[in-house]
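Notebook open. I want to go through this model element by element and write down what I find.

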Amino acid sequence: MKELTTSIIAEKVEGVLTGPDKNMDGIFNILKDAQKGDAVIRHWIDETGVKIAAQKGVSCIITQNPKGSAVKTAEELELPFIVTEKIELANAFAINWALETFAKNSLRVVVTGTNGKSTTTHMIYHILKEAGYSTYTNTDSESEFNTLIDPMVAKQIAEFDAPIEAAVIEVSEVQGWLGDIMKDHAYIMTSAINPDVVIVTNVALDHIGLVNSIEETFNETSGAVKGIKENGTLILNYDDPLVLKMKDLTSNYGKILFFGDNADIKFDSTGILYKDNILIKTDDLPFKSRHFVQNTMAAAGAAISLNIDLETIKNSISSYKALKRRFAILNNEPCIIDDFAHNPDGILATIQNAALIGKGTLFVVSAIRGSRGESINQANAEAIANGLQNIPYKLIITSSTDVVDHLNTVTDNEKKVFIDALEKEKITYIFNEKLYDALKNVLKLSHNKDTILLIGAQGMDPASELLEKIL
């Protein structure tokens with residue numbers, strides 16, 4: 001393990017060190033799990049947190065927001081204390097250090113974009129595991145570790161239970177804290193990972209409040225392309241004009257592969273093709289919705305660029321099991337689909353794909369996004385209205401008051417703009433405060449040939465568990 005001193009860490013994270021210069025003998029960690037010698041990274045910390053860290057015997061604390069008498073307490077306890085103006089620099093350094101220390105010669109893949117990151121990342125992870133690589137990924141069903149605004153990824157890499165031969169890391173295209181954007185987040189994190197392959201799925205407006213235009217989203221997302229390893233491979237969505245533009249933003253890459261219509265990797269009625277040769281037949285795809293096929297093409301492109309055998313790619317994709325809440329089929333009669341769709345592009349694509357399933361009415365149950373602002377909720381409602389045009393539908397919306405915490409509570413204004421947008425487009429709806437009531441309602445109203453689509457972020461997360469109880 002490389003030895004670090006607190007003065008070196010302070011320099012790397014552009015921070016100011018208060019207290020003694022000591023060796024870091026452990027890993028980068030969160031306060032709750034910290035052990036003796038670890039370096040703790042926290043966005044904010046107060047004197048109570050400092051005392052806890054000192055009792056654990058950590059080597060230093062790195063923070064952006066020291067609160068109360070945190071600095072003074074650290075001085076009194078002779079605990080090295082580093083204050084940086086950008087906590088993402090600390091987490092980027094931690095990831096880089098962990099990879100160079102515990103996975104130095106690993107293959108590295110970064111996946112970013114507005115939609116499809118988690119599925120694409122998870123599918124590449126599955127392919128590499130099937131190919132025999134000991135593989136790490138930060139993507140899980142809740143997307144809990146893809147923000148990279150805490151040291152969880154560095155911690156997981158350091159604590160991985162086998163030598164890491166490949167790392168597939170999902171990087172949020174836009175990131176921020178309490179309404180303040182972490183500018184250049186994708187670039188900073190991708191540069192730290194130094195990936196052999198960078199994938200960009202698409203560019204669409206999502207994190208309204210952190211970014212307020214598609215141009216800002218493009219600028220942030222494209223940072224991943226600029227952070228690619230020299231002579232690495234770019235995998236870009238040929239069908240997205242903004243992603244296509246990214247090929248001209250850097251000359252650092254050695255190779256580029258496109259996926260989409262008339263691209264290197266494309267899809268037609270026969271299946272997914274690579275250079276006009278069938279890679280995987282349509283019948284062998286576990287899911288056939290358009291956005292799943294897009295994600296599959298991207299994942300296949302990454303695997304091809306890493307020289308994974310084509311037969312292994314085919315077999316891995318055929319056996320792939322989707323992440324929770326990624327167009328997951330929860331029931332057959334009626335067909336119930338659960339999807340994490342939570343921004344306009346994702347919502348529209350998911351509704352359009354769900355409308356192709358079944359022969360009856362499309363029932364949509366949508367959770368309003370709580371504490372995310374009026375703009376995104378208005379845009380989401382407009383996307384629902386757009387998707388429901390010219391199809392038989394019934395819409396139920398909910399604030400999910402029975403399942404969300406204070407960080408995801410729907411405000412009166414968020415509810416109002418959501419409903420106003422639906423009514424403006426003459427979309428009829430039923431409103432239920434509780435998610436449990438909304439689910440019970442949709443089961444009562446629907447028939448076996450109908451399709452039920454559950455969409456939304458945190459407010460819809462517990463739906464599958466609630467449905468088990470109701471059914």
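Helices (H or I, at least four residues) and strands (E, at least two) are DSSP runs, numbered from the N terminus. With that settled, I looked up Met 182 and placed it in the loop between strand E12 (180–181) and helix H7 (185–193). The model is predicted, so local features need pLDDT of at least 70 and side-chain atom pairs count only at pLDDT 80 or more, while totals for chains, interfaces and linings use all residues. Residues are numbered from 1 along each chain as its sequence is written, and side-chain values use heavy atoms, with hydrogens and water left out.

**Met 182.** Is Met 182 buried or exposed? Met 182 is buried, at a relative accessible area of 5%. I take buried as under 20% relative accessible area, exposed as over 50%, and partly exposed as in between (1.4 Å probe, protein chains only). I also checked Met 182 against Glu 88: 94 residues separate them in sequence, and 7.5 Å in space, C-alpha to C-alpha.

**Strand E14.** Next I took E14, residues 233–237. Five of its five residues are buried, so the strand is largely enclosed by the rest of the structure. In a regular strand the side chains alternate between the two faces of the sheet. I see Thr 233, Ile 235 and Asn 237 pointing one way from E14, and Leu 234 and Leu 236 the other way.

Which strands pair with E14? Two strands pair if DSSP finds at least two bridges between them. Strand E13 (residues 197–200) pairs with E14 in the parallel sense over four bridges. Strand E15 (residues 255–259) pairs with E14, also parallel, over five bridges. Ile 235 is the bridge partner of Ile 199 and stands opposite Leu 257 in E15.

**Asn 202.** I then moved to the loop between E13 and helix H8 (214–221), where Asn 202 is found. Asn 202 is buried, with a relative accessible area of 12%. Its side chain reaches the backbone nitrogen of Asn 115 at 2.8 Å. I counted that as a polar contact: a pair of N or O atoms within 3.5 Å; within protein, one must be able to donate a hydrogen and the other to accept it, and residues adjacent in sequence count only if both atoms are side-chain atoms. Contact itself means heavy atoms within 4.5 Å. Leaving aside neighbours within four places in sequence, the contacts of Asn 202 include Gly 113, Asn 237 and Asp 345.

**The open sheet.** Five strands form an open sheet of mixed pairing, in the order E2-E7-E6-E5-E4. Its edge strands are E2 (15–18) and E4 (28–29), each pairing on one side only. E4 pairs with strand E5 (residues 39–45) in the parallel sense over two bridges. There I found Phe 28 bridged to Ala 39.

**Cores.** I defined a nonpolar core as a set of buried Ala, Val, Leu, Ile, Met, Phe, Trp, Tyr and Cys residues joined through side-chain atoms within 4.5 Å. The largest has 52 residues, and those with the most contacts inside it are Ile 9, Phe 28 and Ile 62. H4 gives the most to this core, with 10 residues. Apart from it lies another core, of 35 residues, among them Leu 128, Phe 259, Leu 285 and Ala 299. I also listed the contacts of Ile 9 beyond four places in sequence, including Phe 28, Ile 62 and Phe 93.

**Helix H11.** Last, H11 (residues 290–305). It is mostly covered: 14 of its 16 residues are buried. Just after H11, I noted Asn 307 with a positive phi of about 65°.

How values were computed. Expected span 1.5 Å × (residues − 1).
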